[in-house]
Amino acid sequence: MTKDVCSNIGLWLLFTLLLSNYVVDLEASHHVYNRLTQSSNTKSPSVNQPYRTGYHFQPPKNWMNDPNGPMIYKGIYHLFYQWNPKGAVWGNIVWAHSTSTDLINWNPHPPAIFPSEPFDINGCWSGSATILPDGKPVILYTGIDPKNQQVQNIAEPKNLSDPYLVEWKKSPLNPLMAPDAVNGINASSFRDPTTAWLGHDKKWRVIIGSKIHRRGLAITYTSKDFLKWEKSPEPLHYDDGSGMWECPDFFPVTRFGSKGVETSSFGEPNEVLKHVLKISLDDTKHDYYTIGTYDRVGDKFIPDKGFKMDGTAPRYDYGKYYASKTFYDSAKNRRVLWGWTNESSSVEDDVEKGWSGIQTIPRKIWLGRSGKQLIQWPVREVERLRTKQVNLRNKVLNSRSRLEVYGVTAAQADVEVLFKVRNLEKADVIEPSWTDPQLICSKMNVSVKSGLGPFGLMVLASKNLEEYTSVYFRIFKAHQNSNKYVVVMCSDQSRSSLEEDNDKTTYGAFVDIDPRQPVSLRALIDHSVVESFGGRGRACITSRVYPKLAIGKSSHLFAFNYGSQSVDVLSLSAWSMKSAQIS
Ligand SMILES: OC[C@H]1O[C@@](CO)(OC[C@@]2(O[C@H]3O[C@H](CO)[C@@H](O)[C@H](O)[C@H]3O)O[C@H](CO)[C@@H](O)[C@@H]2O)[C@@H](O)[C@@H]1O
């Protein structure tokens, strides 16, 4: 925490005292929630649930979407999330709540925030937590009022000595920010406040996602006391044409190194900071980020050259991944990213299985050495679930060959592999028009042989390969006679299940690596989710699959090479993964 932040503690103690005199006691409202859940006709998950995850976070039942207000308080990690207490489809949204000491094993608590007052009676939508300078957490969230207008509210813990922060109370001053005729805010597109940060003038800032016509924007509000908020005349940033910006996130990263930076920090002396703006584009349902500079005086975000905050910006994840949110983990001095992955199955199947939505494994996130891209890696704590390990070293994968990895629970595994590509001169030249990696991957599916590739992993595969999900690379020359290469990573779900109804879209990403060096791939496999990390976290692809045959013990794992040239597996380590304690 910076000196600037610390100097405000006195002010905050005073403010906290004032605020605590003005809170709505919600104890009485818990019965409303109980009634809501008891009247539900939700189908409880049956024992036969092959697609429930073993170590990815998911609630015991029902619909889940965005991660909300992740934070650490008194050594306990908190995850709130958008949850429907009444069923496996979106609706009746409350803030469900779980806590953890390691970001992997979770204990559930009653929903922390649920509709109870006019300012949120039609829904408690996404928002973020801010740790105030005195250490007290507060939550800003979007409430849906009786006119279905989106407004911003504050909630604070009822008992600060409870590290689990089980009960929350809402301010009677709510809503703190609301659309009106003067501010001209679009009342149906004004949601998802970020973690707030302290500015150069000791005022708090927060941004809220919005749109006006086709202009997507991040509206800035400022406040001296966190209660009275004033809309800034100009947004932090905007883009004409990208549509609604949902779930914005705005945070500093250090230019060199992987340590995290607290959201209000101005950096250490001589430390260079950059800022990241992330938006979740409602139109495409993908999360995009831009690296740039934060002009603190003008309250403007200026993207670095080559970046534009729209659907052309880089993505956190090139598969299914949305409404993500980071928090600064003061215990481990890192920034941690949470993201929601929805189902690829039909709504009928979701209702049948009684649940929908998972959270990906939390990822440490930092700025890469180039300064041009973010790197993500599953938090180290997930490695504590690794049990039986299988290692392969220096194996040659000849053209059109496969290598089965025996001895691990292939349906619930963590795999890390290092490939070394031979004969780079045999790479095909990429077509100049091939600028969309997803298109390259779907046009050239896993059965299409090219100069170099496809090579990678086949996961959640049935014995005779009636079903498999392939995660693989192809390497192209950037131009004829060039020694520059383009590496494409694909996740092909087209053969993942004999079931016809699932969305089996193939995903693709460019990986900014030099293939003269070993090419790395890590896959977190967990029954119906495959989280893949190429080039040590330079490209991430998450997919959802629902095999009919390749389930449980009938699931297999292979390394493969279907390209025209041999590829070496320098090393492959695979671990069976224990289940996490989640519900
Ligand atoms: O739960 C509300 C929060 O979720 C967000 C971002 O995910 O907005 C979602 C949104 O609804 C659409 O997305 C749902 C899943 O996220 C989907 O199932 C639903 O059918 C969609 O309409 O919520 C509102 C109301 O529907 C819509 O405007 C959004 O796109 C986030 O922005 C909300 O705070």
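Visitor: In which element is the place of H237?

Guide: Helices (H or I, at least four residues) and strands (E, at least two) are DSSP runs, numbered from the N terminus. H237 has its place in strand β14, which covers residues 237–240. Before going on, note that this is a predicted model, in which local features need pLDDT of at least 70 and side-chain atom pairs count only at pLDDT 80 or more, whereas totals for chains, interfaces and linings use all residues. Residues are numbered from 1 along each chain as its sequence is written, and side-chain values use heavy atoms, with hydrogens and water left out.

Visitor: Is H237 buried or exposed?

Guide: Buried means under 20% relative accessible area, exposed means over 50%, and partly exposed is in between (1.4 Å probe, protein chains only). H237 counts as buried because its relative accessible area is 14%.

Visitor: Which residues does H237 touch?

Guide: A contact means heavy atoms within 4.5 Å. Not counting residues up to four places away in sequence, H237 touches L217, A218, W245, L277, F301, P303 and M309. A separate reading uses C-alpha atoms: those of H237 and I207 are separated by 9.6 Å, and the two residues are 30 apart along the chain.

Visitor: Now a loop residue. Where is the place of Q58, and is Q58 buried or exposed?

Guide: Q58 sits in the loop between α3 (30–38) and β1 (62–73). Q58 counts as buried because its relative accessibility is 2%.

Visitor: What does the side chain of Q58 reach, and which residues does Q58 touch?

Guide: A polar contact is a pair of N or O atoms within 3.5 Å; within protein, one must be able to donate a hydrogen and the other to accept it, and residues adjacent in sequence count only if both atoms are side-chain atoms. Here the side chain of Q58 reaches the backbone nitrogen of T53 at 2.6 Å. With residues up to four places away in sequence left out, Q58 touches R52, T53, M64, W355, G357, I358 and I582.

Visitor: Which residues around the ligand come nearest?

Guide: A residue is near a molecule or strand if one of its heavy atoms lies within 4 Å of it. There are 14 residues around the ligand, and D66, Q82, R191, D192 and E246 come nearest. By class, the shell has 5 nonpolar, 3 polar and 6 charged residues.

Visitor: Which strand gives the most to the shell around the ligand?

Guide: β1 gives the most, with 3 residues. β1 and β5 (124–131) each supply at least two residues of the shell.

Visitor: How far from an oxygen atom of the ligand are the polar side-chain atoms of N65 and D282?

Guide: For N65, a polar side-chain atom lies 3.1 Å from an oxygen atom of the ligand. For D282, the corresponding distance is 3.3 Å. S126 takes part through its backbone, with an N or O atom 3.1 Å from an oxygen atom of the ligand. The protein covers 75% of the 610 Å² of accessible area that the ligand has on its own. Accessible areas come from the Shrake-Rupley method with a 1.4 Å probe; for residues, only the protein chains shown count as cover.

Visitor: How many disulfides does the count come to?

Guide: A disulfide is a pair of cysteine sulfur atoms within 2.5 Å. By this rule the count is 1 disulfide. C441 and C490 form it, with sulfur atoms 2.1 Å apart. The link of C441 and C490 is left-handed, with -75° about the S-S bond. It joins distant parts of the chain, 49 residues apart: C441 lies in helix α5 (residues 437–443) and C490 in strand β31 (residues 485–492). C441 is buried, with a relative accessible area of 0%, and C490 is buried at 0% relative accessibility.

Visitor: What is the phi of C247?

Guide: Most residues other than glycine have a negative phi, and most peptide bonds are trans. C247, in strand β15 (residues 245–254), has a positive phi of about 40° although it is not a glycine. K285 also has a positive phi, near 60°. K285 is found in the loop between β16 (273–281) and β17 (286–295), and counts as partly exposed at 42% relative accessibility.

Visitor: Which residue does a cis peptide bond join to P175, and which to P454?

Guide: N174 is joined to P175, with omega about -5°. P175 has its place in the loop between β8 (168–170) and β9 (190–191). G453 is joined to P454, with omega about 5°, and P454 is in strand β29 (residues 452–461).

Terms used. Nonpolar A, V, L, I, M, F, W, Y, C, P; charged D, E, K, R; others polar.
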